[in-house]
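I opened the notebook to look up two places in this structure. The entries follow in the order in which I made them.

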Amino acid sequence: MIRHTSAVTCGFASLLAIGLFPLLAHSQLRATLTTSDVAVDLEAGANGPRLLRLRPAGAPQWVNTVGEALPVSIERDGRRVPLEWRLMPTLSSVGPERVAFVYDSRHPHLRLTWEWQARALFGPLEHRITVANLSGGEYWLAPLDSLHLKWRVPPRAQLTHFYIDKGGGKPTEQGTHEVSLSERYDWTGWSTTFSHPVPGRPREIIPYEAVFQPEEGGRGWYAGIEFSGRTRLTLHRVSEYLSATLGLDPKPGPVLTRLTPGGMFESPTAFLGAFSRGPDGAGNQLRPWVRAVLGSAQTWSNPDYPYTVNNSWGVGMDIDEAVAKKMIADAAALGFEMYHLDAGWFRGVGDWYPDPHKFPRGLVPLADDAHAHGMKFGIWVDWTQAGLDGEPGALNLRDPKVRGWLVAEVAPNWKPQEFKGQTIDIGVPAAKAYAQGEVNRIVRDYHLDMLEHDGYLVAQGCTGSDHPHAAPDPRRTSVNHYDGEDIVTSSNSTDVSYHAVRAYYDIYAQLRRLHPKLLLEICNDGGRMVDFGSAAHGDYFSITDTYTPLANRRAFYDASFVLPPAMLEAYEAKWPTPTAASFLYMLRSGMMGWLTVMQNTIEWTPEQHAAARKAIALYKTQLRPLIRAAQLFHVSARPDGVHWDGMEYWDHALGQGVVFAFHGSDAAEPNHRFVLSGLNAQAIYHLHFEDGTSPDTTASGQQLMTSGLQVVLREPLSSELIFLSGTG
Ligand SMILES: [Zn+2]
């Protein structure tokens, strides 16, 4: 776990030292915050702060031309109250890891803190803005953006915009986007916890954007948001300016959030970094940073993370104690390390107690059985859903108390679906307290090592008028029915998500304090919550809800540009595997990150058992160390299932790596050359073909990075693992 401090220089002090102090206006501060990859120069003017420039290590700087726009007014009882801000030098601080410029407004008394932080020696810097209400009155504030940039760029500079779709229910056709940033380029990307089709909107993105110069060594900058609520990112190029805005989505507006007396608004934290060598260069900096700064130290200190998992959905709803025990015994013999009990175990939606017919003795005997086999035990829960069950402990939405928590009233004849009820707004303190108690009870009483949440647990919109968020505006409210869920969109939607996401993070932070070894899987009908806020509060993501080899490789290809492979889970469902090669192809398609096999392995043939046992053992001994720590290179186009695709891992410190090679369905392409990256051109590497499809050989880094690594696979839908070793 790397949590070093960074080198920081205080511009105020250094300017003072060289005698320039008189040139600075009264009450003006400057500071520089640095990591090994980037520095930012910051200035606190009398009336507002500003990011002056971003200075990548060893590359030209990006000059910012816009200051922070501090709120000019705030609302009280529907009336606009103008604000005047002034710098508070004595409250501001410039430290080795953090720079905070503080501004106060006198009437009403508000305190705005404009903060930058370096939380690791390397990687990006974080930025957030807080507004604290020090007055005795309640006010309504238009949320501040997390980050606003307006770089000056040469008018003819070639720039490329890079962004990534979420895996959602099914990966999109394109998934990973590299777009030429031409004059008048105007782009907006959205991220919510829903990621469902909205007319006129493309698939939602992982809230991250990068811009680089393909002709200049792939140098550029990237920025992202550590938040799961309704956010949007923009990019706009006009003449010599390139503007970017990241923050809570201001539409539909007007968005206002409540500032209670003594309360505070916090803009979602943004991060800003600089890189070279294109999107993989950015990823090889950002992924270790996510691990070191956002990830759980406890989780990463476990050398068996990421686990290999067998999931009960291979038998669907036909699960019961006897079936689960047979699956556990088979999974243990195959070498799996966790048994994951999926939906189908509980009494009903909102009634998270074991079905007495399927599990008459409860879940503990099953957890004990998994543990006796040396395995971990986890379950699926959708813990924000209310239903109609009347059993003690059930969340019944006819209960007047629960009714007040719902995101919207339900019709008198409403009935829950099999796994979905009506969402409660966990931004409501009483609902949050219920959820906190319920997840803790579930983990404690069922002896869980892993809790998977699913479903739309963060409300997108809410009609509750007495909740902490703003009330909906009936003139601006639309209700869309999507996949069993009423999605309410109104001018309060962003504020609803703001409160609910913060509650969700609090609930999981507390759960982790109570159960430090617990693993948290983030699932939202697949990969709808793949974002950096979730990454800071959970351990791994379901990256898509389509479980084929192609969908898994596509979702992995996309998300692995910005998130550690260990956090990216592929669910492998039953898939036609008529040959030994196609069986391995299916297994390996989910072995580039976290592997969850969602199949009834008892049905596998003895040959398939033997092959899986060997593949899982190889994963644990050879692949997992690379998945945890190696650099990652996308050495092919995005998988299309027809042509070849592959992924390269290279761990410089270990002198080891692997290339995953997948041959698509096209029989006319028996061989392929993967041009590798990240190696030492002068070094000689030993190449081991795991399945023996080619004899082991050696090649220079130069050869591998120019003419490439040749792989020959005659059978369509087959695969190979090529291990590299060498000192370089
Ligand atoms: Zn609400």
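I looked up Arg553 and found that its side chain makes a polar contact of 3.1 Å with the side chain of Tyr585. The side chain of Ser589 makes another polar contact with that of Arg553, at 3.0 Å. I took a polar contact as a pair of N or O atoms within 3.5 Å; within protein, one must be able to donate a hydrogen and the other to accept it, and residues adjacent in sequence count only if both atoms are side-chain atoms.

I noted how I read the entry: this is a predicted model, in which local features need pLDDT of at least 70 and side-chain atom pairs pLDDT 80 or more, while totals for chains, interfaces and linings use all residues. Residues are numbered from 1 along each chain as its sequence is written, and side-chain values use heavy atoms, with hydrogens and water left out.

I placed Arg553 in helix H10, residues 549-559 (a DSSP run of H or I, at least four residues, numbered from the N terminus). Arg553 is buried, at a relative accessible area of 1% (buried means under 20%, with a 1.4 Å probe and protein chains only).

I then turned to the zinc ion. Its protein donors are Asp425 (OD), Cys462 (SG), His467 (ND1) and His469 (NE2), at 1.9 to 2.2 Å (donors are N, O and S atoms within 2.8 Å of the metal, or 3.2 Å for Na, K and Ca; water is not among the atoms, so sites may look incomplete). Asp425 is buried, with a relative accessible area of 0%, and Cys462 is buried with a value of 0%.

Terms used: Helices (H or I, at least four residues) and strands (E, at least two) are DSSP runs, numbered from the N terminus. Buried means under 20% relative accessible area, exposed over 50%, partly exposed in between (1.4 Å probe, protein chains only).
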